[in-house]
Amino acid sequence: KKIIALAVAAAFSAPAFAEVTFYGIVDAAVMNKSVTGLKSSMFAVSGALSGSRLGVKVTEGLDNGMTAVAVAEYKLATDASDGVGTARQEMLALAGNFGTVAAGYLQTAGYDWEAAFDPLAGSQISPLQNVNSGFLVGTTAVAARLPHALAYISPNMNGLTVAANYTTNLTDALVQPASGATAGNKTTATMLSATYVQGPLSAGVVYAGTANDDAGFNKTTDLGFAGSYDMGVAKLMATFQTNKVDNGAGTNNALSFSAVAPVGPGAVVASYAKNSIAGAGDDDDSSFTAAYVYNLSKSTTAYGALNQVNAKAAGVKTDTTILAVGLRKKF
């Protein structure tokens, strides 16, 4: 039995000299939600501040200073029987002095852009996420993660880092158009970004666009700008993004302003976002969050937050208010 056990362990063990890291986040909260016209209700939820996840990262040093990296990370539902859910990212990469090249199911430059300039990115209480439905760029947007993707990230060049993402097909289906066809339903997407960090100042720009050889396809283009400045007593952040679909409807906009101020072992976070949807008149949304994040240790965080969303559609106003108290554990 011992011999069999050793043989099985050897068959599934990591390659020699490879470093294997298991990591994750477990985030659980109690949330009270009130919506216009509905009774308020209390829920125990997973991932109010950060999406719960479980992942493994394998790195191996190669010749010429290069490193091979594999990452497999999956959603984790701590409030239901779903357990480990769909992938957040599944990546194989090669890193060196030239930068990093990667392939797989990838988090994109659009994901990284919002994560860098929205202090509540990836949470259920992010005002920017509440108002950017339909946009390509963002941590929960359409192109936050790309299937069948290729990516390049440059090394840090005196504070400047550039990245390029390309998906050979935006959907999970693998489509091969007929030879000589002028139309097809294979949709590709391209994303480019540049981020500059120098001392307390950070700035970022990101572009995303879709393409399809179908004559009836409406291409979508996003362009986002962001900046932040750390004054010591508070870090200020702002974003602005545009979204345009080639259907004659016009351009959609979204902006956000945020501040993070250290208070004791934690920080006060305030964030506001608003959109302007083309052709919708007064049917625009705004959202605001005030939160306090308290560090119980380097890996354990307690938090409390108030989030409000004001939406108006077809002349009907809907207000949503969320009160959340939770605990996040990283490992």
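Which residues is Tyr23 in contact with, leaving aside its neighbours within four places in sequence? They are Arg53, Leu54, Gly55, Val56, Lys57, Val71, Glu73, Gln89 and Phe331, where contact means heavy atoms within 4.5 Å. The model is predicted: local features need pLDDT of at least 70, side-chain atom pairs count only at pLDDT 80 or more, and totals for chains, interfaces and linings use all residues. Residues are numbered from 1 along each chain as its sequence is written, and side-chain values use heavy atoms, with hydrogens and water left out.

Tyr23 lies in strand β1 (residues 18-35). Strands (E, at least two residues) and helices (H or I, at least four) are DSSP runs, numbered from the N terminus. Gly55, one of the contacts of Tyr23, is 32 residues from Tyr23 in sequence, yet their C-alpha atoms are 5.3 Å apart.

The side chains of Tyr23 and Glu73 are joined by a polar contact of 2.5 Å. Such a contact is a pair of N or O atoms within 3.5 Å; within protein, one must be able to donate a hydrogen and the other to accept it, and residues adjacent in sequence count only if both atoms are side-chain atoms. Glu73 has a relative accessible area of 4% and is therefore buried; buried means under 20%, exposed over 50%, and partly exposed in between (1.4 Å probe, protein chains only). Beyond its neighbours within four places in sequence, Glu73 is in contact with Tyr23, Arg53, Leu54, Gly55, Ala87, Arg88, Gln89 and Gln107.

Strand β10 (residues 201-212) runs antiparallel to β11 and is joined to it by nine bridges; two strands pair if DSSP finds at least two bridges between them. Tyr207 has Leu223 as its bridge partner in β11. Strand β12 (residues 235-245) is also antiparallel to β11, with 11 bridges joining the two, and Thr239 in β12 is the bridge partner of Ala226. β11 and β12 form a hairpin with four residues between them. In the turn, Gly232 has a positive phi of about 90°.

Leu223 counts as partly exposed because its relative accessibility is 30%. With Leu192, Tyr207, Phe225 and Phe240, Leu223 makes a nonpolar surface patch of about 410 Å². Accessible areas come from the Shrake-Rupley method with a 1.4 Å probe; for residues, only the protein chains shown count as cover.

Methods
Patch = residues over 30% accessible without salt bridge, like charges linked within 9 Å, V, L, I, M, F, W, Y side chains within 5 Å. Salt bridge = Lys/Arg side-chain N within 4 Å of Asp/Glu carboxyl O.
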